[in-house]
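I opened a new page to write down what I look up in this structure. The entries follow the order of my looking.

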Amino acid sequence: MVEKVVATEAAIELIEKLKAIHGDLMFHQSGGCCDGSSPMCYPRGEFRVGESDVLLGEIDDTPFYMSKDQYEYWKHTQLIIDVVDGRGGMFSLEGPEGKRFLTRSRVFTDEEREVLNL
């Protein structure tokens, strides 16, 4: 199975810490300017997703959504959610931890694109 979104061990550790504080979580990446171009972490259900969002998969049992428009640019890549020191989006839950989630990526191989029908 080819996953469209995965996470580094550091990201999973931070997700687990945030779950212990806030309960179930979700991610959304809109592709807008500023904070919207970073993966934003919210308590599950506090950010409304709609028809303009695509569920890419789950990382550590946490759904990861992206806006359809942004997905069109990224669909040929696997998203790798990582963590770095610093302040991220002001509404994203990791901010008070002095960390921010960051999206890295790699281009799918020809074989992976075939499996994904891209």
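**Entry 1: Asn-117.** Is Asn-117 buried or exposed? I note at the start that the model is a predicted one. I looked up the relative accessible area of Asn-117 and found 70%, so Asn-117 is exposed, the cut-off being over 50%. Asn-117 sits in the segment that comes after helix H3, residues 110-116. I also checked its backbone: phi of Asn-117 is near 60 degrees, a positive value, and the residue is not a glycine. I wrote a reminder beside this: most residues other than glycine have a negative phi.

**Entry 2: Asp-60.** Next I looked up Asp-60, which also has a positive phi without being a glycine, here about 55 degrees. I located Asp-60 in the loop that joins S4 to strand S5, residues 62-67. Its relative accessible area is 24%, so I put Asp-60 down as partly exposed.

**Entry 3: Glu-58.** I then turned to Glu-58, which belongs to strand S4, residues 53-59. Glu-58 has a relative accessibility of 44% and therefore counts as partly exposed. Which residues does Glu-58 contact, leaving aside neighbours within four places in sequence? I found Val-5 and Pro-63. I also took a distance from Glu-58 to Tyr-73: they are 15 residues apart in sequence, and their C-alpha atoms are 20 Å apart in space.

**Entry 4: helix H1.** I checked the length of helix H1, residues 9-22. At 1.5 Å a residue, its 14 residues should span 20 Å, and the C-alpha atoms at its ends are 20 Å apart, so the two values agree. Which residues of H1 are buried? I listed Ala-11, Leu-14, Ile-15, Leu-18 and Lys-19. Looking down the axis of H1, I saw that the buried residues fall within an arc of 145 degrees, so they line one face of the helix. The face turned away from that buried side carries Glu-9, Glu-13 and Ala-20, which are exposed. After H1 comes Gly-23, with a positive phi near 85 degrees.

**Entry 5: Val-83.** I looked for Val-83 and found it in strand S6, residues 77-85. With a relative accessible area of 16%, Val-83 is buried, because the cut-off is under 20%. What does Val-83 touch, apart from residues up to four places away in sequence? The list is Thr-8, Ala-10, Ala-11, Leu-14, Lys-99, Arg-100 and Phe-101. Two of these names, Ala-11 and Leu-14, I had already noted as buried in H1. Val-83 and Ala-7 are 76 residues apart in sequence, but 9.1 Å apart in space from C-alpha to C-alpha.

**Entry 6: Ser-38.** Arg-100 came up again when I looked up Ser-38, which contacts His-28, Gln-29 and Arg-100 once neighbours within four places in sequence are left aside. Ser-38 is in the loop between strand S2, residues 25-29, and strand S3, residues 40-43. Its relative accessible area of 19% makes Ser-38 buried.

**Entry 7: the cavity.** Last, I searched the whole structure for cavities of 30 Å³ or more and found one. The largest cavity holds about 40 Å³ of space. Which residues line the largest cavity? They are Lys-4, Leu-56, Met-66, Tyr-71, Trp-74, Lys-75, Thr-77, Leu-79 and Phe-108. Helix H2, residues 68-74, and S6 are the elements that give two or more residues to this lining. Sorted by class, the lining has six nonpolar, one polar and two charged residues.

Technical notes
Residues numbered from 1 in each chain as written. Predicted model: local features only at pLDDT ≥ 70, side-chain atom pairs only at ≥ 80, totals over all residues. Heavy atoms only, no water. Helix = DSSP H or I, 4+ residues; strand = E, 2+ residues; numbered from the N terminus. Buried < 20%, exposed > 50% of the residue type's maximum accessible area, 1.4 Å probe, protein only. Contact = heavy atoms within 4.5 Å. Expected span 1.5 Å × (residues − 1). Arc of directions from axis to C-beta. 1 Å grid on protein atoms, 1.4 Å probe; cavity = no way out; pocket = protein on both sides within 12 Å on 5 of 7 lines; lining within 4 Å. Points joined across faces, edges and corners; volume = space filled by probe spheres on them. Nonpolar A, V, L, I, M, F, W, Y, C, P; charged D, E, K, R; others polar.
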